[in-house]
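Let's take a friendly walk through a protein model, one spot after another. Keep the sequence and the structure open beside you as you read.

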Amino acid sequence: MKRLLMCLACLCASYSFSQSQHFKIFGKLVSAEDQAPLEAATIYLERPKDSSLITYTISRKDGTFLLEDKVSETKLNLFISYVGFKTHYQNIDLTSEEIDLKTISLQESTNQLDEIVIKSEAPITVKKDTLEFNVSSFKTAKDATVEDLLKKLPGVEVDDEGNITVNGKPVNKILVNGKPFFGDDPTITTRNLTKDIIEKIQVTDTKTKSEAFAGEKGDTENKTINLTIKEENNKGVFGRVAAGAGTDKRYEYAGLVNLFDNEQRLSILAGGNNINSPGFSFGEIRKMFGGGNSISVYSDGAFRIDGRSFGGGEGITVSNNVGANYADELAKGIDISADYFMSGADSDNRTVTNRENILPDSRYYTNSVSNSSNSSYSHRVNMNLEIEVDSTFLINVRPSFGFSNSKNEYTREEASSDELGALINSSNLSSFVETTGNNFKNRLSLTKRFGDRGAFLKFRLDTEVNSTNSDDFVNSETNFEDTSQEAIFRDQFTDGKEESNNISANLTYRLPLVAKTLFLDFGYNIQSDNNESVKSTYDFDDGTQDFTNFNTDLSTDFDYKNRSHTPNLELTYKKEKWSASIEAGYNYISMENKDGLRPDLSYADDFKNLQLGADFDYRFTETFSMYTGYNLRNNPPSIRQLQPFEDVSNPLNTVTGNPNLVPSNVHSVYLGMNNFNFQNKTGFYIYANVNLTNNVVVSKSTVDENLVRHTTYTNVDGNYRTNFSGSYNKTVKIDSLKSIRYRLGVYSSLRRSVNFNNDVQYASRNTSMTPNVRATFTWKDVLEITPNYRLTFNQNKYDIDDFDNQEFVSHNLGIQTATFVPKKLEWRNDINFSYNPNVSPGFQKSAWFWNSTLAYSILNDKATVTLKVYDLLNQNTNARRSANEDYIQDTQSTVLNQYFMLSFSWKFNTLGKKGETGRDNFFMF
């Protein structure tokens, strides 16, 4: 591998010295009508022979621009486009290194066609709130997906999990022709639709349909991407199918079929595998490697891959999935979309955990080994109906239905010892849990505009109904070395039932004080949550050989009600360059919990609090903006924290609520800035926020001599958290074929937390910092090399002498390579090295992780044969260390091991112009 990289580097260096002419083309753009400078016009150069894009830029605030590059050609075509103006065109002769075009006057367009032509040619079009990319101007590898294309766009970044950011702001919604495509998971769209059917990529601030219709500014901290399909691709059938088989009985299959008939759209997909991938991505290049080295695990025991939950933990997962999406315009002003998902997964996992538990005056150690086997499946239907009654009235209805079932077998052996290694207690547990859930929710939105001054009335009604049933069998034994403490044996069955009905309504009226500029919003929100939770636990009866002895201590019967209503006022001021708003609301909360088994522990209380908010946005240029704001929010304790009921379900950790808790109040201040300079091909973003929390609810625990923890809750003051993140990226063109794009980033946080440990109050200060760097060298149609490095540093400091300060450092180094020669062959490598020196003895401290794929295109690039290797060096591990104020923990779980796989994929396409089909192309290779 080293020799190969050295050869590639030498080849790149020698090629850089090939003959090419450096040039600078500059000038100024003004309106022909009033000679006003034109900001954010697109200036771009093309080769005359094939109209391929050489370089482009955006004019500055004063109308000036600069194009700089190296080419071997001596004659070029220059285009200048600006929305609302005719496209300017002229020939450029590179007779000198610097060419001054002086002042260029653009003529206003006289009809709508001029603007359409402009939008179809310019590589980038910048508007006030929209950034539009012309897909044909950005070259990608063969068979490129939308995700591959997004990685080529300036200011756009896509991480290994498919998360997208534009100038530092996350993308939380992707639309196709303005309509949802398979729900809210962007990766289904970006990893399955191919670039060749897309015409434009439009980036805007995220807005709901109601916000867009009412003219509100929406969510300025998140972005939406809209993919527009080429007009000639509006009718026909296209899709892809793929399948692969490998060593160790590994397999994968996936298929996606799309049927477009003008405004009507139907898509069907299916997939399955046993390589820890959801099966909705095509893996002939690199998409089905199981999502990296590990899977994210959440507190509920479920794990998520590509945004969908498959439940059960880490380990090896076998998944099967089926989905369908439908969208149509039923009549003028009436749009409908719907999608259906069925997913099933079976997973097995083994986890080894070593934990050092920290007490003010001592330490104790807990080691455990657990095994889990989970089987789950779910169905989900989402619908969206939009009715534009007229130009002033919009109705939106979004119902969804869900069903899920999971079965989980779990075993655990655990032992705790003191600082000298003497055993204090030990336990073993085995359980089987089957859970069935049903869910229905709906959102109804009504938006009515009044006049042309900006007035509107909005009403939103949200309803949700959930029902969950569970059968839980547990057999456990807990032993103590202290002979005065009796062992705890449990052989039990718990019948669980939980039902919830939640409804909320919101009414907003906007009164324009100054037309389209100054507004006063009157709002009122009411919410009602009802939850019934019954857990009936029965001990095994040796006489009847059945679970018939009702156990009151481990059973619950709760009827919980939460009512709130909040009137609020918001004042908003909007100008072309900036906007500001300030809002205030008063929240009335009533909480009640009835305990059917212990009526004396029933609880009821009322809370009242003030909520404040303010924000300010300023746009310096069309591509440079900043935003800042402040929020005051009050969060009441949960009913489980308030309920004075002792939960003894865990023999080693009993929990009792505290009815004297008060709501916590959180003061938040944030600031963000982002910019992309098309002149210099540089971009940056920064984001910082500070949260100060008073009366935060924390757990307060004591540990007895048998290491049994008794926990309750209390309020404390003095908690704060600050976060800072930022990145800087720049693209440097070596010549017309080669470029280097590098990115420097950092994430850091400082957190102060007040807590209790064995009834001793203390404060901890946690400092974390994660700097990272990435660079990509691209030689068009030849190769790509992307090295990257990430350092993670954590430090914990305590204000009591009995706690030792802690520092942890981990390193991640990687390199990704791709070669595209010879023409039909594509070879990709993804190599990562991780080093974690702080984990305990017996855990793997370092590992190399190498994936490799070799893909060859056949049948006129409509099919691909791929050989791929997962974990080539067979060193994959997920050993990791985590720490907080109470413990230091090392964990290692089952991972997917090395396999080789041979795959085949085929894409088909009968798309034709609007109103036509190209069926003759269906079987043409």
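## A charged spot on the surface

Is D801 buried or exposed? This is a predicted model, and in it D801 is exposed, because its relative accessible area is 79%, while the cut-off for exposed is over 50%. To find D801, look in the loop between β44 (783–798) and β45 (806–819).

## A serine inside

Now turn to S701, which is part of strand β39 (residues 696–703). S701 has a relative accessible area of 7%, and therefore counts as buried, since that word is used for values under 20%. Which partner does the side chain of S701 contact? The side chain of T711 makes a polar contact with that of S701, at 2.8 Å.

Most residues other than glycine have a negative phi, and most peptide bonds are trans.

N177 has a positive phi, near 55°, and is not a glycine. N177 sits in the loop between β12 (169–176) and β13 (179–180) and is partly exposed, with a relative accessible area of 34%. L859 is not a glycine either, and its phi is positive at about 55°. You can find L859 in the loop between β47 (846–858) and β48 (863–870); L859 is partly exposed, at 37% relative accessible area.

## A cis peptide bond

Finally, look at the bond from V821 to P822: this peptide bond is cis, with omega near -5°. P822 belongs to the loop between β45 and β46 (825–835).

Technical notes
Residues are numbered from 1 along each chain as its sequence is written. This is a predicted model: local features need pLDDT of at least 70, side-chain atom pairs count only at pLDDT 80 or more; totals for chains, interfaces and linings use all residues. Side-chain values use heavy atoms; hydrogens and water are left out. Helices (H or I, at least four residues) and strands (E, at least two) are DSSP runs, numbered from the N terminus. Buried means under 20% relative accessible area, exposed over 50%, partly exposed in between (1.4 Å probe, protein chains only). A polar contact is a pair of N or O atoms within 3.5 Å; within protein, one must be able to donate a hydrogen and the other to accept it, and residues adjacent in sequence count only if both atoms are side-chain atoms.
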